[in-house]
Amino acid sequence: MSDRELYLSYGLQAVDAKGRVAVPAKLRAALERNADARDLLIARDSQHGCLVGFDVNWPRILHARIDPRELAVEDSGEAVDYNVAGNAFGNLESAPFDSAGRFVLPTFFRRRAKIEKWAFFHGRGNTFNIWNPEALLADESIAEETRELVEFCMEEKGLR
């Protein structure tokens with residue numbers, strides 16, 4: 001895992017009427033280095049309501065972390081919560097992207113995250129979040145510095 005590229009950086013990107021949006025260049029470069037396929041996996045962050053994006057190899061790494069814990073719980077005689085793996089691996093969708101990083105946000109996830117005309121991408125190390133920028137600004141659990149960054153990006157695009 002030490003050879004994985006981390007998802008560092010951010011960007012505010014326009015979303016067209018069909019849900020097409022481009023992954024910011026630095027995040028796209030990490031996606032391309034972490035997997036051979038030009039495929040982005042998208043899931044929903046149940047805590048904040050934003051989306052989570054990652055490369056196709058990340059679920060394998062995550063599974064390798066979860067599986068030993070499940071075996072340890074089974075060995076102890078306790079019940080295993082298989083919903084953890086189901087949510088982590090079943091509740092996601094693949095979105096192929098082109099050489100410019102453009103992809104179509106899956107409709108279900110786009111609606112759930114309330115992403116309309118703009119999407120704010122925010123690197124989180126092993127993954128990155130995709131936000132409706134207004135929802136991020138309204139979420140008081142998000143660090144003030146991150147909210148200020150979104151406000152700055154919106155000002156730069158003439159949205160404030």
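In what sense do strand β3 (residues 39-44) and strand β5 (residues 92-96) pair, and over how many bridges? The two strands pair in the antiparallel sense over five bridges, where strands (E, at least two residues) and helices (H or I, at least four residues) are DSSP runs numbered from the N terminus, and two strands count as paired if DSSP finds at least two bridges between them.

## Basis and confidence

Residues are numbered from 1 along each chain as its sequence is written. The model is predicted, so that local features need pLDDT of at least 70, side-chain atom pairs count only at pLDDT 80 or more, and totals for chains, interfaces and linings use all residues, while side-chain values use heavy atoms, with hydrogens and water left out.

The chain has a mean pLDDT (the predictor's confidence in each residue, from 0 to 100) of 88, and 85% of its residues reach 70 or more. Over residues 82-86 the pLDDT is below 50, and this stretch has six contacts in the model beyond near neighbours in sequence, a contact being heavy atoms within 4.5 Å.

## The sheet

Six strands form an open sheet with antiparallel pairing, in the order β1-β7-β8-β4-β3-β5. Its edge strands are β1 (10-14) and β5, each of which pairs on one side only. On average, neighbouring strands of the sheet are turned by 25 degrees against each other, direction ignored, with axes taken as lines fitted to C-alpha atoms, for helices over the stretch in contact, and angles running from 0 to 180 degrees between N-to-C directions. Helix α1 (residues 25-34) packs on this sheet, where the helix touches β3, β4, β7 and β8, and its direction makes about 45 degrees with that of β4.

Strands β7 (residues 118-123) and β8 (residues 128-131) run antiparallel and are joined by four bridges, with H122 opposite N129 in β8.

## R147 in helix α6

R147 lies in helix α6 (residues 144-156) and is buried, with a relative accessible area of 15%; buried means under 20%, exposed over 50% and partly exposed in between, for a 1.4 Å probe and protein chains only. Its side chain reaches the backbone oxygen of E140 at 3.5 Å. Leaving aside neighbours within four places in sequence, R147 is in contact with L136, L137, D139, E140 and I142.

Terms used: Polar contact = N/O pair within 3.5 Å; in protein donor to acceptor, adjacent residues only side chain to side chain.
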